[in-house]
Amino acid sequence: MSVFEIVEFTLKPGLDVEAFLALVPPTEAFCRAAPGFRQRWLTQGDAGRWLDIVEWADMASAHAAAEAFMRAPGVPDFVAAIDGPSVTMKHVTAQVHMAA
């Protein structure tokens, strides 16, 4: 079954959404090139909380990508826009899948 990486965070104070979204393309390139990548959602919820949800083929792929992420071109700028203390991250394995 798929593994989901779920990262919740807020942006640094004063950074607007458009400026943050302009930093996303290098992270997309990293994900697309990473072995085991399936799909990704970047969502914004209430009170400025964001969820970055990435589906991976397996836990090994998820962990390898998490370890390599910060070394990818352009990624440090994306991470620098995030309020570090607000970040939570977890990897979970899907147990049931249902589609329309």
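Analyst: Helices (H or I, at least four residues) and strands (E, at least two) are DSSP runs numbered from the N terminus, and two strands pair if DSSP finds at least two bridges between them. Here strand 1 (residues 3–9) and strand 4 are joined in the antiparallel sense over six bridges. Before we go on, note that this is a predicted model, in which local features need pLDDT of at least 70 and side-chain atom pairs count only at pLDDT 80 or more, while totals for chains, interfaces and linings use all residues. Residues are numbered from 1 along each chain as its sequence is written, and side-chain values use heavy atoms, with hydrogens and water left out.

User: In what order do the strands of the open sheet lie, and which are the edge strands?

Analyst: The open sheet has four strands in the order 2-3-1-4, with antiparallel pairing. Strand 2 (37–44) and strand 4 are the edge strands, each pairing on one side only. From one strand to the next, the twist averages 15°.

User: Which side chain makes a polar contact with that of H91?

Analyst: A polar contact is a pair of N or O atoms within 3.5 Å; within protein, one must be able to donate a hydrogen and the other to accept it, and residues adjacent in sequence count only if both atoms are side-chain atoms. H91, in strand 4 (residues 88–93), has such a contact of 2.8 Å with the side chain of E5. In strand 2, where R40 is placed, the side chain of R40 makes polar contacts with the side chains of T27, at 2.7 Å, and D52, at 2.8 Å.

User: Which residues of helix 3 are buried, and where do they fall around the axis?

Analyst: Buried means under 20% relative accessible area, exposed over 50%, and partly exposed in between (1.4 Å probe, protein chains only). In helix 3 (residues 59–68), the buried residues are S61, A62 and A65. Seen down the helix axis, they fall within an arc of 100°, taken from the directions from the axis to the C-beta atoms, so they line one face of helix 3. A60 and E67, on the other side, are exposed. Contact means heavy atoms within 4.5 Å, and the buried residues of helix 3 pack against strand 1, helix 2, strand 3 and strand 4. At the start of helix 3, a side-chain oxygen of D58 reaches to within 3.3 Å of the backbone nitrogen of A60.

User: How many aromatic pairs does the structure hold, and how is such a pair described?

Analyst: A pair of aromatic rings is described by the distance of the centres and the angle of the planes. Rings of Phe, Tyr and Trp (its six-membered ring) pair if their centres lie within 6.5 Å; planes under 30 degrees apart count as stacked, over 60 as edge-to-face and the rest as tilted. The structure holds seven aromatic pairs. In one of them, the rings of F9 and F20 have centres 5.9 Å apart and planes at 65°, so the pair is edge-to-face. This pair links distant parts of the chain, with F9 in strand 1 and F20 in helix 1 (residues 17–21), eleven residues apart.

User: Are F9 and F20 buried or exposed?

Analyst: F9 counts as buried at 1% relative accessibility, as does F20 at 0%. Another edge-to-face pair is that of F30 and F69, at 5.4 Å centre to centre and 80° between the planes. One aromatic cluster is formed by F9, F20, F30, W50, F69 and F78.

Definitions and conventions:
Axes fitted to C-alpha atoms, helices over the stretch in contact; angles between N-to-C directions.
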